[in-house]
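Dear colleague,

I am passing on the structure we spoke about, and would be glad if you could look through it with the notes below at hand.

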Protein chains: 2
Amino acid sequence: MTTAGSNREPKYRRIAGALKQGIEAGRYAPGDRLPGENDLMAEHGVARMTARQALAVLQAEGLAEARKGAGVFVREFRPIRRRGIQRLARERWGSGRSVWGTDVGDRDLAVEVVEVAEKDAPEAVAGVLGGARTWVRDRRFVLDGKPVLLSVSYYPAALVADSAITRHDTGAGGAYARLAELGHEPVRFREEIRSRMPTADEADRLRLAAGTPVVLVCRTAFTADGRAVEVNEMVLDAGSYVLEYEFEG
Amino acid sequence: MTTAGSNREPKYRRIAGALKQGIEAGRYAPGDRLPGENDLMAEHGVARMTARQALAVLQAEGLAEARKGAGVFVREFRPIRRRGIQRLARERWGSGRSVWGTDVGDRDLAVEVVEVAEKDAPEAVAGVLGGARTWVRDRRFVLDGKPVLLSVSYYPAALVADSAITRHDTGAGGAYARLAELGHEPVRFREEIRSRMPTADEADRLRLAAGTPVVLVCRTAFTADGRAVEVNEMVLDAGSYVLEYEFEG
């Protein structure tokens, strides 16, 4: 184990460590401005570059973010709690309520429909759905003015051709209620989760701060007879989400 | 949307885009060496710095990794599939089998026990367990020679004081089997998942390539009467894992 005060540790790391302890101890609260380069130079007797590196460590680890001309601030982590299992319970969407409603409480969630179109799905998705021809719903979720989620859902084209799933507004209860009406009620779900650094396009569309990864959630919805009726590929701002799963052993 | 060929896009991004398409199309397979700086300079008529930047984009996005003196290679993503729900089914650990056994198939998994000690838990963990005094099991999982997971489990000290949970080897079935014997069988689980960039210490202990985030999984195990008997804080190499949850709607 390295100890915080080790002499072999570079100076900027020791300063970064002290700032981190300050954040953990609540001396710097979410949204607070951290000491600036000049403050750190004076307090620790180091060069500007060293002070800058120390602040860069906190930004790279996603603990703080620079705001142009204003300084470096403790990241506000007020995450969306996304409950994988309860969230999809039939009572929710069955009664016309959005599955997303429960996640965000009283916060202002806007759903931008980027595109609804009939298209060929990527090969991996086509393999799961048993055919390339799909209706695609491409959406972006914006919470309190900040984009937090990119979501692209694929449905077998032949299955949903004449339903509201092909329209801008899927109606009360959303796509799952429509699938149920069509006789393809989703009853079983698989969610696969990965994380990686964003592509330039994702960083742009989610307005990600530097040093923020994305979480990829790929959800597949199955009917009682095991047919996959939706693949939903989601890209989440990792700084905005906690995913939660509760289950019996 | 930006198009790949847009003139407003910097050259290095266009080259990076072409390399990415090559990876997606399978022209460069996992483990393959990508064209080097000299190749890219000749092919695209660009300066060395531009070629280097293009390769840096792929590394930053975690699609490729540099090997010293050998070039830049397509990242091999042969993930561990961690099944959150089936994995914890009682039949598994009840019969003396490790819950980890199912995740890695025939691959070589070594578990390094870093420390087993009686200690005060961090405040948040103490809050969940209803007391700060805990037995702590700190372990590192190494798969095929590569560290993939840091795992620290906390158990209420009074509950496990005289059990094998306080020893190096917890015995057949592991800690959950011991908890069951003590009359505190875990039957319900909550897993909370986040992702962020690693701290320097985590990057070091997991030997993470640049541009690789970590996934944090915090699991809490509950008895039938709702008592939390374990909090397990895990730090996963995001490049090594797919987490999977299957559940009924």
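The notes that follow take up the relation of the chains, then the sheets, then the helix packing and a few local points.

Please keep in mind throughout that this is a predicted model.

**The two chains**

Chain A can be laid on chain B by a turn of 180° with a shift of 0.0 Å along the axis, and the RMSD of that superposition is 0.1 Å. The two copies are thus related as by a two-fold rotation axis. As for the surface through which they meet, 100% of the interface residues of chain A are also interface residues in chain B, so the copies use the same surface for the contact.

**The sheets**

One open sheet has eight strands, in the order β4(A)-β5(A)-β6(A)-β9(A)-β8(A)-β7(A)-β10(B)-β3(B), with mixed pairing. Its edges are β4 (109-120) of chain A and β3 (80-83) of chain B, each of which has a single partner strand, so one side of each is left without a neighbour in the sheet. From one strand to the next the twist averages 20°. At the chain B end, β3(B) pairs with strand β10 (residues 241-248) of chain B in the parallel sense, over four bridges, and within this pairing B:Arg82 has B:Leu243 of β10(B) as its bridge partner.

Another open sheet of eight strands, again of mixed pairing, runs in the order β3(A)-β10(A)-β7(B)-β8(B)-β9(B)-β6(B)-β5(B)-β4(B). Here the edge strands are β3 (80-83) of chain A and β4 (109-120) of chain B, and each pairs on one side only. Neighbouring strands of this sheet are turned against each other by 20° on average, direction ignored.

Going along this sheet from its chain A end, β3(A) is joined by four bridges to strand β10 (residues 241-248) of chain A, and the two run parallel; A:Ile80 stands opposite A:Tyr241 in β10(A). The step from one chain to the other comes next, where six bridges join β10(A) to strand β7 (residues 188-196) of chain B in an antiparallel pairing, with B:Glu192 in β7(B) as the bridge partner of A:Glu244. Within chain B, β7(B) is then joined to β8(B) by nine bridges, and these strands also run antiparallel; in that pair B:Ile193 stands opposite B:Val217 in β8(B).

**Helix packing in chain B**

Helix α3 (residues 48-60) of chain B packs against helix α2 (residues 37-44) of chain B at an angle of about 115°, with the axes 9 Å apart. That angle makes α2(B) roughly perpendicular to α3(B), and the crossing of the two is right-handed. The residues that make this contact are B:Glu37, B:Asn38, B:Leu40 and B:Met41 on α2(B), and B:Arg48, B:Ala51, B:Arg52 and B:Leu55 on α3(B).

Among the residues in contact are B:Ile15, B:Ala16, B:Leu19 and B:Ile23 of α1(B), together with B:Ala54, B:Leu55, B:Val57 and B:Leu58 of α3(B). B:Leu55 takes part in the contact with α2(B) and in the contact with α1(B).

**Local points**

Most residues other than glycine have a negative phi. A:Arg207, however, has a positive phi of about 45° although it is not a glycine, and A:Arg207 is found in the loop between α9 (200-205) and β8 (214-222) of chain A. In the other chain, phi of B:Arg207 is likewise positive, near 45°, and B:Arg207 is placed in the loop between α8 (200-205) and β8 (214-222) of chain B.

A last point concerns B:Glu76, which is found in the loop between β2 (71-74) and β3 of chain B. The C-alpha atoms of B:Glu76 and B:Pro30 are separated by 4.6 Å, although the two are 46 residues apart along the chain. Leaving aside residues up to four places away in sequence, B:Glu76 touches B:Pro30, B:Gly31 and B:Arg67.

Technical notes: Residues numbered from 1 in each chain as written. Chains lettered and ligands numbered in written order. Predicted model: local features only at pLDDT ≥ 70, side-chain atom pairs only at ≥ 80, totals over all residues. Heavy atoms only, no water. Axes fitted to C-alpha atoms, helices over the stretch in contact; angles between N-to-C directions. Parallel < 35°, antiparallel > 145°, perpendicular 65-115°, else oblique. Left-handed = near helix turned anticlockwise from the far one by under 90°. Contact = heavy atoms within 4.5 Å. Least-squares fit on C-alpha atoms with pLDDT ≥ 70 in both. Pairing = 2+ DSSP bridges.
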